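Let's take a walk through a protein together. Keep the sequence and the 3D view open, and look up each residue as we reach it.

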2 protein chains.
Amino acid sequence: MNSLSDRIQLAHGRGGRLSLSLINDEIVPRFGKGPLDGLPDAATLGSISGDIVFSTDSYVVSPYKFSGGNIGNLAVHGTVNDIFVSGGSAKWLSIGLILEEGFPMSELQLILDSIKSSADECEVKIVTGDTKVVNKGQCDGIYINSAGIGEKIKEFNLSKSRLAEGDAIIVSGNVGDHGMAILSAREGVNMENGPVSDTASVRSLVLSICQCASKVKFMRDPTRGGVAAVLNEIVSGTKLGAALDSRKIPVSNGAGALAEILGIDILNVACEGRMILICDRCVADNILSVWKSFPEGVNASIMGYINNEAQRVILKTVTGGSRLVDLPAGELLPRIC
Amino acid sequence: MNSLSDRIQLAHGRGGRLSLSLINDEIVPRFGKGPLDGLPDAATLGSISGDIVFSTDSYVVSPYKFSGGNIGNLAVHGTVNDIFVSGGSAKWLSIGLILEEGFPMSELQLILDSIKSSADECEVKIVTGDTKVVNKGQCDGIYINSAGIGEKIKEFNLSKSRLAEGDAIIVSGNVGDHGMAILSAREGVNMENGPVSDTASVRSLVLSICQCASKVKFMRDPTRGGVAAVLNEIVSGTKLGAALDSRKIPVSNGAGALAEILGIDILNVACEGRMILICDRCVADNILSVWKSFPEGVNASIMGYINNEAQRVILKTVTGGSRLVDLPAGELLPRIC
């Protein structure tokens, strides 16, 4: 390779020969021909019988590589997880790349490899996409949008309106690992056993509990804003509140130590491979034991219960006190996904 | 409004209170509640019986406003058109915003209004979305991704493999208006009757020809790379070529004059509301007369025919000569969409 072809040029996004070679050399070999064959402007897919579940997210994480993954993994897991926690089974993804002129081709290849391996793991197909290139200084290397189509899983009937006092709040694993891994990469923190992103799919966790799905009332992945944002959003505008027990909130040593050093509330920090589930108390232990049989659910925990303290999320601290878990008003940790 | 709330802040993309107020004040009122109600991570939509057609594009046009529209119109029309020219009827769109810190709120409102009005015109619903904010200097104001879901229109059976010598090549309107309007806005060219973007939906044009759809073999919107890129892509790898008659290629005065002054080949310049259709010669006049009854098809023209000059696109010039219409190798006009 000469130095020019080592880096992304504006012409890679221009629709001419270089665009075609990028697609033919890097996209088609990875994502197979299938719906991408003939490079149509749109993919014609099969039909699905159930309701369609549709989601999108743009990923602008900084830096784009971090302990545990890169922006490519996030772009797949984030959108796939949004579909699964909405009670859909993700099937097809689109990938839209915005690349900065001069971005190293080798880095793009690494990210495309991550997109491919994450999609394979989640059993979703990348079926359509788009590449744009912007001038140097008008993007931070790479931004990715993914949109996904899934099929509604009939067993789930999720609705905030079904929540009731006494429902159990389960978290599927350690809280805040992703956000702390990003912060660590961004600030160049060099810790032994430092935080590692939890970027992963929640597919198996959701599919594993279909037999008690009717008792599951709400699922959400705590990304931007963390556990605090999800729980505040749930109780906002309702007559319900939530009580969490800090001893029951799983936190890894690496993320916990770094958060403590920096004075960050781990409940505000994003995960990218965890989910919060709220269910009738009678199935909580059952779900917990099913989840604990998966590597991604080994630290799952019933971290609290829904109560009738309207619109308040309260944390019982280790010392026996209690404090309000509020929605962060402003900037805590930007660009974590 | 105070000066802080006049502009986008990093916290608008952080998942906290400012994110919620942006969604509740600007997104929900425009795009209705419907699937956006309760702001789920994914929209649960109805089912559709036919095959699913799925497309995505990211929009990074510079400048984001131009004569005839803005990036919001493009984000709707571009993805909707990709679905229609693929033989699908577009139904649902996602919108992913990437905003630069400091971007004026009033400009965002203008763009969201354009997204809303374009979506209404095309009869598509915005059902899910996402907003990210990046630091000043890491985006050129605003980038938008849209992804769309459509339902395959049964009557169409589009395939390059059905193309044959003698097929007619129809263009639905003036060529190159969009690209020249962008260039004009970018360079601050001040022409009387200068080029105006053709950004529009091809929905009516596609739906109007369903009764002769079986004789339609190929449709495509000539965006990046213009008419030249589409026709070269069609003949590449086949035993077919294309002959165009320059007198039959509709060009507006504004775009034509500016292209001539600048020495730009208008066939390389993008449209955002036109389509190229290739059909059996026997239905060409019929399609032409149907299209001419629509305002957006009034300048439609049979601009040439498929021939057996393998992989060559030839233009018969006004003076009676002929020249090869090649795929541009490198950068001609970046960031036109």
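How far apart do the C-alpha centres of domain 1 of chain A and domain 2 of chain A lie? They lie 28 Å apart. Before going on, a word on the ground rules: this is a predicted model, where local features need pLDDT of at least 70 and side-chain atom pairs count only at pLDDT 80 or more, while totals for chains, interfaces and linings use all residues. Residues are numbered from 1 along each chain as its sequence is written, chains are lettered from A and ligands numbered from 1 in the order in which they are written, and side-chain values use heavy atoms, with hydrogens and water left out.

Back to chain A. Its domain 1 covers 4–152 and its domain 2 covers 160–324, with the bounds coming from an automatic or database domain assignment. Where these two domains touch, domain 1 of chain A brings 21 residues and domain 2 of chain A brings 22 residues into contact (contact means heavy atoms within 4.5 Å). The area buried between them is about 1700 Å², and carbon and sulfur atoms give 61% of it. Buried area here is the accessible area (1.4 Å probe) that two parts lose on being put together, summed over both. On the domain 1 side, Asn81(A), Phe84(A) and Val85(A) lose the most area, together 34% of what that side buries.

What about charges? There is one salt bridge across this domain interface, a salt bridge being a side-chain nitrogen of Lys or Arg within 4 Å of a carboxyl oxygen of Asp or Glu. Find Glu123(A) and Arg203(A): these two form a salt bridge, with their closest N and O atoms 3.3 Å apart. The element that gives the most to the side of domain 1 of chain A touching domain 2 is α2(A), with nine residues. Helices (H or I, at least four residues) and strands (E, at least two) are DSSP runs, numbered from the N terminus.

Now zoom out to both chains. How many residues of chain B are in contact with chain A? The count is 78 residues of chain B, against 78 residues of chain A. Between the chains, about 6000 Å² is buried, with carbon and sulfur atoms giving 53%. Six salt bridges cross this interface. Asp41(B) and Arg220(A) meet in a salt bridge too, at 3.6 Å from N to O. On the side of chain B that touches chain A, β6(B) gives the most, with eight residues.

Is Arg335(A) buried or exposed? At 7% relative accessibility, Arg335(A) counts as buried, because buried means under 20% relative accessible area, exposed over 50% and partly exposed in between (1.4 Å probe, protein chains only). Leaving aside neighbours within four places in sequence, its contacts include Asp140(A), Tyr143(A), Val133(B) and Asn135(B).

Next, look inside chain B. The largest nonpolar core has 96 residues, and Leu108(B), Ile142(B) and Trp291(B) are among those with the most contacts inside it. Such a core is a set of buried Ala, Val, Leu, Ile, Met, Phe, Trp, Tyr and Cys residues joined through side-chain atoms within 4.5 Å. Helix α2 (residues 71–85) of chain B supplies the largest share of this core, eight residues. Domain 1 (4–152) and domain 2 (160–324) of chain B both give residues to this core, so it lies between them. A second, separate core of 95 residues includes Leu108(A) and Val202(A).

Helix α4 (residues 177–187) of chain B is worth a stop as well. Eight of its eleven residues are buried, so this helix is largely enclosed by the rest of the structure. Those buried residues pack against β3 (65–66), α2 and α7 (253–262) of chain B.

Most residues other than glycine have a negative phi, and most peptide bonds are trans. Yet the peptide bond from Ser62(A) to Pro63(A) is cis, with omega near 0 degrees, and a cis bond also joins Ser62(B) and Pro63(B), with omega about -5 degrees. Glu123(B), not a glycine, has a positive phi of about 55 degrees. You'll find Glu123(B) in the loop between α3 (105–122) and β6 of chain B, where it counts as exposed at 56% relative accessibility.
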